[in-house]
Amino acid sequence: MDNRRVARRTVLAGSVAVAAAVAGCTVPAPPSSAATADPAPGRPIAHSAGRALLMQFAAHPDDDLYFMNPDTQRLLDAGVPLVSVYVTAGEHTGKNWIKGMPETPPDKAAYSSARHQGLRQAYAEALGAEKFAPWHKRVVSLAGGRHGEVDTLVHGGRRVELVFLGLPMHTTRRYMALPALWEDRALELRTHLSADSPVTRASTYDHGQLIEVLAGLLARYRPTVVHTLDPDPDIQISDEATRKRDSEQPGYSDHGDHTAVACFTWAALLRRVADATAAGDPVPSFTTTAFRGYYNRHWPKNLPPQALAEKAAHLVPYGGDPSWDCGNPSGCGDYGVGGDRPLTNKKGWVRSTHYRWPAAGPAVAEEPGGRLAAYGVLGLRAVRWREVSPGSGRFAEPEDLGGGPLAPALATASLADGRVLLFGVRFAALSGRGGANRRELVLLEQRSPGGPFLAWRGLGNPERGDDRGRRIGAPVAVTAPDGRVHLFVRNADKGVSTRVRAADGTWGPWRALPAQEEVQDGLTALVDASGRVHVLAAGGTAVRHWVDGAPEEPLPLAGDPVAAVPSPGPAGIQVFSRAPAEAALRATPGTAPAFDGYGLLTAAPGATGPVLLGRDQRHRVQLHRDGRLHTRTQGAVPAGDPVLHRGAVAVGMGADARPWVWRP
């Protein structure tokens, strides 16, 4: 890392001096403040009116295909329009070569063009069109007089727009440009021009200008679903040879560009909400999902063969082949990714899709009188939807509970008197340029059952120091029969930390559960019939299990978070999971019903046995109850994983940023 103060504004056309821990996204430099909306509740929320649009932000061409699929494809299949933004030109070394091709001099403009062509081929096939279908290319005006390229394809009533900003990956000194731009308050980068682009004049960007451009795109397209990369990747200590082999930044489990672009994207989301509310407009109505990147390399794979084959197939047209006649003189794809290479790549990135804050949602509670209340995050703020009437399955407009900017995952716990506690992870600071970059756990406590809430309260962080504190995961919480509330969160050491609220409302200190092995995010917590508190987490060699804070015997290895219900017997619970890269469900102890699929699972006790909720192999919502399998085939397009309420009702978020209810 080059920590020298920059006395004058520097313009570079490639990657900058930064071998830094981008995952830190900070260096010792003068702090700056990020624009954020007032977290006080009570603001109006924009009405989506059934409109849906997915907007995703990637560092490089192919990040979306490797890390955001199959989620992106499922929304496209359902007819949701897509706008995909690529921050860098993807020019890398300028070499687009595979064995058998003649050696040619590096050509960054041509390689960038070939990768853009690969994306057009991939998304043409994703829409069901011929891979060489013609796209409409145009120059788009961006904030500050800058320009970008937008390629558009409409096919079968569905629409994809690809937005290319063209920032460089590297400088002439071969360092990484985007991480430096996040960290350096005085740096400017000049864009690369792709060989086939209608953009013919380069633009320059500094830190604030990139945020301004991304926020402007958010305001222009008004997405209801936003996909980002991971702003806070895991700490990953590797020797230098291993780190370079894995293409990871020093100390963290992801590429430096991924982390920097994710930080810029989240800063732009904050800016978008702040600009809207400052202008007196409603809070923009969008949900967010952040996707892990090279994290996939380090954990058991979670996509079964059918889902994996489909995901990998979308990379084939992106990779292309030098023999193809695609009409682009610069090349017909990113050849090193073509054919079966994604599946034979030992890094295994394509074999999993993981979320940064995995949690089913929205969180659901039942209010006095029987109507449902759903809690989620819209526009980075907590909101509450209430059922119009008990059992109606229709929700009124969202009520702003404030508290932002929040990560997507919320957890709830219900007190004995019916009041709800709401837990989230707050971006307490996201400044860049040497400023603070901090996360904290926060609590919103209901004043009376079904009523208003007290002020937001900070619960701190189990980690000391901002860098480690950014690695915390999605919170989970349960209420024990003695009235104590147990809050759990994955920590920076990839273990589990807990904090307990006494029955009188006072909170104890953070403490770590006894270490067993490193575990993934996506914890499961429940209370058995004896009042014991169980926590389960999928690890690298087994599912790890704690009871009342003490380690128990490990359970069989799983590729994803597990689900569990109280049950008779010495274990006190029955656990449902899927083996890595397998679709079949299994139970420990006992036998699981036929419930093939992948992704997050939810389970609840039922009249004749456990009720199960999840996704099938086509990513459709499915529910198993009383020996019957039900598949949801109508209604709002689901975005994210739904929750199960009282073993009979599934509640999820739609691509239109509104909750839906399914009572099969």
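User: Which strand gives the most to the lining of the largest pocket?

Analyst: Strand E15 gives the most to that lining, with 5 residues. Please note that this is a predicted model.

User: How much space lies in the largest pocket?

Analyst: The largest pocket holds about 1500 Å³ of space. Its lining consists of 46 residues, and the closest to the pocket centre are Thr412, Ala477, Val478, Ala525 and Leu644.

User: Which elements give two or more residues to the lining?

Analyst: They are strands E11 (363-366), E15 (406-414), E19 (476-479), E23 (524-527), E27, E30 (602-604) and E34 (643-645).

User: How many of the lining residues are nonpolar, polar or charged?

Analyst: The lining divides into 33 nonpolar, 10 polar and 3 charged residues.

User: Let us turn to E27. Which strands form a sheet with E27, and in what order?

Analyst: An open sheet is formed by 3 strands in the order E27-E28-E29, and their pairing is antiparallel. The edge strands are E27 (563-566) and E29 (586-588), each of which pairs on one side only. From one strand to the next, the twist averages 20°.

User: What holds paired strands together, in general?

Analyst: Strands of a sheet pair through backbone hydrogen bonds, in either a parallel or an antiparallel manner.

User: Over how many bridges do E27 and E28 pair?

Analyst: E27 and E28 (residues 573-577) pair over 4 bridges, in the antiparallel sense.

User: And which residue in E28 stands opposite Pro566?

Analyst: Ile573 in E28 stands opposite Pro566.

How values were computed. Residues are numbered from 1 along each chain as its sequence is written. This is a predicted model: local features need pLDDT of at least 70, side-chain atom pairs count only at pLDDT 80 or more; totals for chains, interfaces and linings use all residues. Side-chain values use heavy atoms; hydrogens and water are left out. Two strands pair if DSSP finds at least two bridges between them. Axes are lines fitted to C-alpha atoms, for helices over the stretch in contact, and angles run from 0 to 180 degrees between N-to-C directions. On a 1 Å grid over the protein atoms alone, a cavity is a set of points where a 1.4 Å probe fits but cannot get out, and a pocket is an open set with protein on both sides within 12 Å along at least five of seven lines; lining residues have an atom within 4 Å of a point. Grid points are joined across faces, edges and corners, and a volume is the space filled by probe spheres set on the points. Ala, Val, Leu, Ile, Met, Phe, Trp, Tyr, Cys and Pro count as nonpolar, Asp, Glu, Lys and Arg as charged, and the others, Gly among them, as polar.
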